[in-house]
Structures are given as structure tokens and as C-alpha cells.
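Subject: Structure handover

Hello,

Here is the structure we talked about. My notes follow below it.

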Amino acid sequence: MVRFSRVTWCAGSVLALVLSAAAVADTAAPVHYSVDAARSLLRFSFVQAGAENTGRFRSMKGDITFAPDNLAGSRIDVTIDVASLDTGDEERDTTLKGADLFDVAKYPQARFIATKLVAKGTSRFDAQGKLTIRNVTRDLNVPITFQTKTEQGKTVGYMTGRVTIRRLDFGVGQGEWKSTEWVNDNVTVSFSLRLVPAAT
Amino acid sequence: MPVRNTTARWGSIAQLFHWVIVALIITQFVLASIAADLPLGLAKLATLARHKSVGITILGLAVLRLIWRWANPTPVLPNTLKPYERVLANVTHATLYALLFAMPITGWLMSSARNFPVSWFNLVQLPDLVAPSRPLYEALHTTHAVLAWILIATAVLHVLAALKHHFVLKDDILRRMLPFTSSR
């Protein structure tokens with residue numbers, strides 16, 4: 001009887017432990033999202049001859065695991081099809097895709113991977129990671145906001161952010177385009193991504 | 001030389017407006033033809049940026065020039081002019097004034113339509129006047145070019161008329177727009 005009761009007690013404790021662990025894991029499990037490119041906006045703006053010009057990348061893929069209460073398990077990985085750039089002018093787009101600038105034939109993709117996320121206030125975070133353009137990888141900290149909404153019974157994430165990078169850090173500007181006299185070095189990238197739960 | 005106009009002669013301010021704008025318009029034709037021959041690239045970008053800055057300068061000067069004209073007496077046309085010559089002179093002058101506005105404004109519009117915002121010498125970015133649209137850009141580009149040809153034709157007529165007054169009719173018309181001369 002004594003032995004039996006001890007076994008029961010042990011089993012009960014183990015079960016309780018497993019259940020509570022499962023409960024904790026359930027609330028903190030980061031949601032795995034993909035970027036809804038059709039309803040996301042990834043813009044870049046640059047100053048050309050003293051005037052701000054803007055463009056956007058229309059095509060991207062994102063693999064984002066995010067939970068504000070489990071930043072350690074969160075991760076951002078976005079890959080951009082550079083050739084999908086659109087500045088509203090075909091000739092300028094062709095120039096931007098050319099060998100001296102993005103060189104899309106050689107480097108079709110740009111990628112940002114953030115593996116360290118730091119809370120910076122309500123819904124605000126720093127996404128610390130690495131940005132790769134033209135095969136040049138640089139550390140980059142991107143301040144972001146993240147919010148979730150329930151849309152048709154599904155949790156949808158909205159991630160926005162804005163960061164200024166230097167195009168020449170990535171070699172976007174070879175030959176005559178290395179000059180910053182007519183096209184500034186600073187490029188501002190801003191985004192508003194709609195994140196939908198990824199099919200797992 | 002007086003600063004203000006009289007009914008007989010243009011003052012120094014009006015003359016300054018006239019000749020500075022002449023120099024800037026010639027600059028515009030030079031920059032536009034240089035840009036037209038350049039391939040896509042930084043040099044073309046720079047040349048067109050300068051063309052836009054000079055164009056906006058002309059637009060600003062044209063506004064000031066008209067204000068100055070309204071605030072001053074206008075030298076009268078000589079009585080020797082036949083009625084049709086008087087009409088021709090007035091139409092030529094009105095066309096030139098209108099083009100001082102129409103050229104920069106169509107240029108500014110076409111830059112906006114092409115989504116290349118205009119900056120004045122890298123100092124001030126001007127607002128876009130229309131939303132980007134390729135067909136609108138094409139139409140404005142054609143308009144800008146046609147107006148440029150009308151400007152050349154009108155300016156040639158204006159110069160020939162001034163020379164006729166000076167060398168054939170031997171009157172004051174050219175001299176009253178020239179600095180360092182006095183009217184007879």
C-alpha cells in the first residue's frame with residue numbers, strides 16, 4: 001500500500017510537471033510567420049541631386065518566428081528579390097539593377113537575418129542582425145514595432161521599422177556611382193510587413 | 001542710369017532681368033542638348049539636375065520681373081509703328097513672357113510625372129505637382145519640346161525686330177534695353 005501510494009504520488013508529480021511545462025511552452029511558443037508580400041510594403045528612399053527619390057521592392061520572402069514574451073526564441077529572416085525594385089521609372093530601375101549598382105544578375109537577393117531581439121518598450125524592439133547586399137554582410141540594428149491582430153480567427157502580425165544604411169558599405173555604387181556628389185550615401189529603408197502564420 | 005523705368009527707357013533693374021534671363025535661357029538650351037546626347041548615367045543626372053535648377057531660377061525671376069513691370073512705367077512703342085507691327089510686337093512680348101512661365105512649369109510637371117522630384121541647386125526640394133504617370137510624362141515632354149521650339153522662333157523674331165529698329169529704322173528701341181547707352 002505504502003509503495004503503491006508512493007508510486008502514485010511520483011507519477012502524479014511527474015504528470016503535473018509535464019503538464020505545467022507544456023502550459024508554459026504553449027503560452028511562450030513563438031509563432032512562426034511568413035511575409036504576406038502582396039500586403040506588405042518595403043520602401044527605400046535616397047537623395048538624388050538634392051531631391052528625395054523613393055522606390056520599393058515588390059517581392060520578398062520572410063521566415064519570421066516571433067513572440068514578444070519569448071524573444072530568445074524569436075528570429076527574423078527576410079530575403080528580398082532585388083530585381084523586383086520599382087522606383088516608378090523604368091530607365092532608373094534598369095540603371096539600379098545594373099552592374100554598377102545592385103548587379104541583380106550576380107546578386108539577385110538581399111537578406112536580413114536577426115537572431116537577437118531586444119525589448120525596447122511596449123511593442124518596440126531592436127532587431128540585431130546582419131544585412132547582406134551584393135554578397136557584402138554588415139551588422140545592422142533595426143528598430144521595429146510588432147503587434148498582432150486577430151483577423152478571421154487567425155493571429156496576424158504587423159511589423160514595421162525604419163533604418164538608415166550606407167549604400168557604399170555594401171558596394172552599391174561602383175565606378176562613377178561611388179561618388180556621393182549626386183547620389184547620397186545614405187539610404188533609408190522602411191517597411192511595414194504583414195505576417196501570416198506559416199503553414200507548418 | 002535710373003533704376004526705375006520711364007516711358008522712354010528701361011531702368012537698370014528691368015535691363016538686368018532681361019539680360020540675366022537671356023543668359024539663363026541660352027544656358028538651358030546648352031544643358032538640354034548636352035543631356036539629350038548623354039547615355040543614362042551620373043553625367044546625365046547631373047546635367048538634368050542643373051537644367052532643373054536653372055529652370056526654377058528663371059521661373060522665380062519671371063515672377064519678380066512681372067511684379068517689377070507692373071510697379072513701373074512701361075516704355076512706350078514708337079509712333080512710327082504700323083498698327084499690325086504694334087500688334088505683332090505686343091504678341092511677341094506676351095508670348096515670351098508666357099514662355100518664361102510655361103517652360104519651367106512644364107519641365108517641373110514632367111519631372112513629377114516621371115517621379116524624379118525637382119530640387120533647386122540641392123538646397124530646396126520642390127513638391128511634386130502630379131502623381132507619377134508615364135503617358136503624362138510623354139505628353140509633357142513633347143509639350144516642353146514644342147514650347148522650346150516656339151521660344152526659339154519667337155526669340156529670333158524678337159531679335160530681328162530689335163536689329164531692324166536699330167539698323168534700319170535707326171530708332172531707340174534696342175538702345176533703351178542696353179546698359180551703358182543713352183537715348184537720343
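Please keep in mind that this is a predicted model. I start with chain A. Among its contacts with a separation of 6 or more, 57% join residues 24 or more positions apart. Chain A has 2 helices and 11 strands. Their order from the N terminus is α-β-β-β-β-β-β-α-β-β-β-β-β. Of its 200 residues, 26% count as buried.

Now the cores. The largest nonpolar core has 50 residues, and A:Ile80 and A:Ala127 touch the most other members. Strand β11 of chain A, residues 183-197, contributes the most to this core, with 6 residues.

Which residues does A:Ala127 contact, leaving aside neighbours within four places in sequence? They are A:Ile76, A:Ala114, A:Leu117, A:Val142 and A:Ile144.

A:Asp86 is another residue to look at. It sits in strand β6 of chain A, residues 85-86. A:Asp86 has 16 C-beta neighbours inside 10 Å, so it counts as partly exposed; a buried residue would need 20 or more. Beyond four places in sequence, A:Asp86 is in contact with A:Gly55, A:Arg56, A:Arg58 and A:Asp93. A:Val156 is 70 residues from A:Asp86 in sequence. In space the two are 27 Å apart, C-alpha to C-alpha.

Next, the interface. On it, 16 residues of chain B are in contact with 15 residues of chain A. Helix α2 of chain B, residues 42-70, gives the most to the chain B side, with 4 residues. That side divides into 10 nonpolar residues, 5 polar and 1 charged.

Then the helix pair. Two packed helices are described by the angle between their axes and the distance between the axes. For α2(B) and α3(B), residues 83-113, the angle is about 145 degrees and the axes are 9 Å apart. The crossing is left-handed. On the α2(B) side, the contact is made by B:Lys52, B:Gly55, B:Ile56, B:Ile58, B:Leu59, B:Ala62 and B:Leu66. On the α3(B) side, it is made by B:Tyr97, B:Leu100, B:Phe101, B:Met103, B:Pro104, B:Ile105, B:Gly107 and B:Ser111. The contact residues divide into 11 nonpolar, 3 polar and 1 charged.

Last, helix α4 of chain B, residues 134-168. This helix has 35 residues. It reaches 50 Å from first C-alpha to last, close to the 51 Å expected at 1.5 Å a residue. B:Tyr137, B:Leu140, B:His144, B:Leu151 and B:His165 are buried in α4(B). What covers them includes α3 of chain B. Just after α4(B), B:Lys170 takes a positive phi of about 50 degrees.

Best wishes

Conventions:
Residues are numbered from 1 along each chain as its sequence is written. Chains are lettered from A and ligands numbered from 1 in the order in which they are written. This is a predicted model: local features need pLDDT of at least 70, side-chain atom pairs count only at pLDDT 80 or more; totals for chains, interfaces and linings use all residues. Two residues are in contact if their C-beta atoms, placed from the backbone, lie within 7 Å. Ala, Val, Leu, Ile, Met, Phe, Trp, Tyr, Cys and Pro count as nonpolar, Asp, Glu, Lys and Arg as charged, and the others, Gly among them, as polar. A nonpolar core is a set of buried Ala, Val, Leu, Ile, Met, Phe, Trp, Tyr and Cys residues joined through C-beta atoms within 7 Å. A residue is buried if 20 or more other C-beta atoms lie within 10 Å of its own, exposed if 12 or fewer, and partly exposed in between; C-beta atoms are placed from the backbone. Axes are lines fitted to C-alpha atoms, for helices over the stretch in contact, and angles run from 0 to 180 degrees between N-to-C directions. A crossing is left-handed if the near helix is turned anticlockwise from the far one by less than a right angle, and right-handed if clockwise. The expected span of a helix is 1.5 Å times one less than its number of residues.
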